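Hi everyone, thanks for coming. I'd like to walk you through one structure today, so please have a look at the screen while I talk.

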Amino acid sequence: MTDGFSPKAQALYAELERRGGGVIDEYLVRTRLGISHGSFSAARRELLDAGVLQLEKQGRHPVYILHGFAEM
């Protein structure tokens, strides 16, 4: 059900899912995927806009909540 998502958005979602969501260090994800901050932000925005990802804050740290492609 990943049709319509960019390859970077698909890779970002897969990495967030692999890590189980929650509080995740953006730098570690970007380094593993080999993408820039701008590409990370664009992919995250794509997932947020589609409703498969929710972003909350725990203090200063982002918390990633995955809703899944199958739930769309």
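I'll begin with the whole chain and then go through a few residues.

One thing to keep in mind throughout: this is a predicted model.

Let's start with the overall layout. The chain has 3 helices and 3 strands, and if you follow it from the N terminus, the elements run α-β-α-α-β-β. The radius of gyration is 11 Å, close to the 11 Å that the globule rule gives for 72 residues, so the chain is as compact as a globular protein of that length.

You'll find Gln10 in helix 1, which covers residues 7-18. Is Gln10 buried or partly exposed? Its relative accessible area is 29%, so Gln10 is partly exposed. Which backbone atom does the side chain of Gln10 reach? That would be the backbone oxygen of Phe5, at 2.8 Å.

Glu46 sits in helix 3, residues 37-50. At 24% relative accessibility, Glu46 counts as partly exposed. Setting aside residues up to four places away in sequence, Glu46 touches Gly4, Phe5, Ser6 and Ala9. Glu46 and Ser6 are 40 residues apart in sequence, with their C-alpha atoms 8.3 Å apart. A polar atom of the Glu46 side chain lies 2.7 Å from the backbone nitrogen of Ser6.

Staying in helix 3, let's turn to Ser39. At 18% relative accessibility, Ser39 counts as buried, because the cut-off for that label is under 20%. The side chain of Ser39 makes a polar contact with the side chain of Lys8, at 3.2 Å.

Next, the two ends of helix 2, which runs over residues 26-33. What caps the N-terminal end of helix 2? Asp25 does, with a side-chain oxygen 2.9 Å from the backbone nitrogen of Tyr27. Just after helix 2 comes Gly34, which takes a positive phi of about 70°.

Last stop: Leu53, in strand 2, which spans residues 53-58. With a relative accessibility of 3%, Leu53 counts as buried. And which residues is Leu53 in contact with, leaving aside neighbours within four places in sequence? The list is Leu16, Arg44, Leu47, Leu48, Tyr64, Ile65, Leu66 and His67. Take Leu16 from that list: Leu53 and Leu16 are 37 residues apart in sequence, and their C-alpha atoms are 9.6 Å apart in space.

Conventions. Residues are numbered from 1 along each chain as its sequence is written. This is a predicted model: local features need pLDDT of at least 70, side-chain atom pairs count only at pLDDT 80 or more; totals for chains, interfaces and linings use all residues. Side-chain values use heavy atoms; hydrogens and water are left out. Helices (H or I, at least four residues) and strands (E, at least two) are DSSP runs, numbered from the N terminus. The radius of gyration is taken over C-alpha atoms; the globule rule is 2.2 Å times the number of residues to the power 0.38. Buried means under 20% relative accessible area, exposed over 50%, partly exposed in between (1.4 Å probe, protein chains only). A polar contact is a pair of N or O atoms within 3.5 Å; within protein, one must be able to donate a hydrogen and the other to accept it, and residues adjacent in sequence count only if both atoms are side-chain atoms. Contact means heavy atoms within 4.5 Å.
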